[in-house]
Amino acid sequence: IPTYEECKNTAAWLLDQQPFRPLLGIVCGSGLGGLADLLKDQKVMSYSEIPHFPQSTVQGHAGKLVFGSLKGTPCVCMQGRFHLYEGHHIQKITFPMKIFKLMGVETVILTNAAGGLNQEYNVGDIMIIKDHINLPGFAGINPLMGPNDERFGLRFPAMSDAYDRELQQLAEKVAIDLGYKEFIRRGVYCTLTGPSFETIAECRMLSMIGADAVGMSTVHEVIAARHCGMRVFAFSLITNQAVMDYDTDMKATHDEVLQTGKDRAHQLEALVATMVPLIKQSKTH
Ligand SMILES: O=P(O)(O)O[C@@H]1C[C@H](O)[C@@H](CO)O1
Ligand SMILES: Nc1nc2[nH]cnc2c(=O)[nH]1
């Protein structure tokens, strides 16, 4: 488990290596690493060269930290995130959020690939996350377990306002302006640990408890980011339909997940590129 001092060291090391003082952090979901291409004057670092950073092990997660400028906003982008199923300790999964905070990041945009549970959703839909269900949390898996370091945040942080409502509205407006009305959604994301995809009975249960999409990430990062006071906006790309019916041969595959990411890359990039300059930061840069 990284200590506060180790987090400080990593943040200082990263600031030392390159000229950007990022105000915005972006996390790329499976197959969505192309978002990093939005950044200009890039300075790219491999996770393997960054002190205390875990390594990416999943196809579609390059394992690179990219600094750069997006229409004037200094950004840091994780091209590759960490998942519980890779065997990382939960506090390693959220370590980059602490590093973001210590580098001065104010707002985090997280993205993921998810299965659509809501029967009205189609593959290729972009779902603005309005809330989450931390199902592993029900079984005692929460990134804030263990001693609390007050330098990051409160022992008992609220999560009822985890997903910034102003940013949700902004994203919806931008999406409509870009002509995405037909495939922009707003819904509840539920995380599971993976790596197995869900059974039919599990998908039915998740839908009944109020989830619109299911994935294997994001929630832990969001909890950590909110704990240390960053604003959070997140969206899911619905890469596949969750299988809800015994009368079908349909099944989830990582290949389909990556393919849908490729197919929608252009629209996702336009959404983020249009949104970012409209996000007010408290610091000037
Ligand atoms: O990092 P994300 O949540 O986008 O990745 C999802 C969950 C699994 O890692 C993978 C399954 O295809 O996609
Ligand atoms: N758990 C889960 N994660 C996903 N990531 C992309 N699609 C899915 C899915 O159907 N289920």
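Let's start with ligand 2: its surroundings are made up of Ala113, Ala114, Gly115, Phe197, Glu198, Val214, Gly215, Met216, Thr239, Asn240 and Val257. Keep in mind that this is a predicted model.

| Residue | Atom in the residue | Distance to a nitrogen atom of ligand 2 |
|---|---|---|
| Ala113 | backbone N or O | 3.1 Å |
| Gly115 | backbone N or O | 3.4 Å |
| Asn240 | polar side-chain atom | 2.6 Å |

So much for the ligand; now for the helices. How do helix 1 and helix 3 pack? Helix 1 covers residues 4-17 and helix 3 covers residues 95-103, and they meet at an angle of about 60 degrees, with 9 Å between their axes. That makes helix 1 and helix 3 oblique to each other, and their crossing is right-handed. On the helix 1 side, the contact is made by Tyr4, Cys7, Lys8, Thr10, Ala11, Leu14 and Leu15, while helix 3 brings in Phe95, Lys98, Ile99, Leu102 and Met103. Sorted by class, that's nine nonpolar residues, one polar and two charged.

Another pair to look at is helix 5 (residues 165-177) and helix 8 (residues 254-275), which pack at about 120 degrees with their axes 10 Å apart. Helix 5 and helix 8 are oblique to each other too, and the crossing of this pair is right-handed. Here Leu167, Leu170, Ala171, Val174 and Ala175 from helix 5 touch Leu271, Thr274 and Met275 from helix 8. This contact has seven nonpolar residues, one polar and no charged ones.

Notes
Residues are numbered from 1 along each chain as its sequence is written. Chains are lettered from A and ligands numbered from 1 in the order in which they are written. This is a predicted model: local features need pLDDT of at least 70, side-chain atom pairs count only at pLDDT 80 or more; totals for chains, interfaces and linings use all residues. Side-chain values use heavy atoms; hydrogens and water are left out. Axes are lines fitted to C-alpha atoms, for helices over the stretch in contact, and angles run from 0 to 180 degrees between N-to-C directions. Helices (H or I, at least four residues) and strands (E, at least two) are DSSP runs, numbered from the N terminus. Angles under 35 degrees count as roughly parallel, over 145 as roughly antiparallel, 65 to 115 as roughly perpendicular and the rest as oblique. A crossing is left-handed if the near helix is turned anticlockwise from the far one by less than a right angle, and right-handed if clockwise. Contact means heavy atoms within 4.5 Å. Ala, Val, Leu, Ile, Met, Phe, Trp, Tyr, Cys and Pro count as nonpolar, Asp, Glu, Lys and Arg as charged, and the others, Gly among them, as polar. A residue is near a molecule or strand if one of its heavy atoms lies within 4 Å of it. A polar contact is a pair of N or O atoms within 3.5 Å; within protein, one must be able to donate a hydrogen and the other to accept it, and residues adjacent in sequence count only if both atoms are side-chain atoms.
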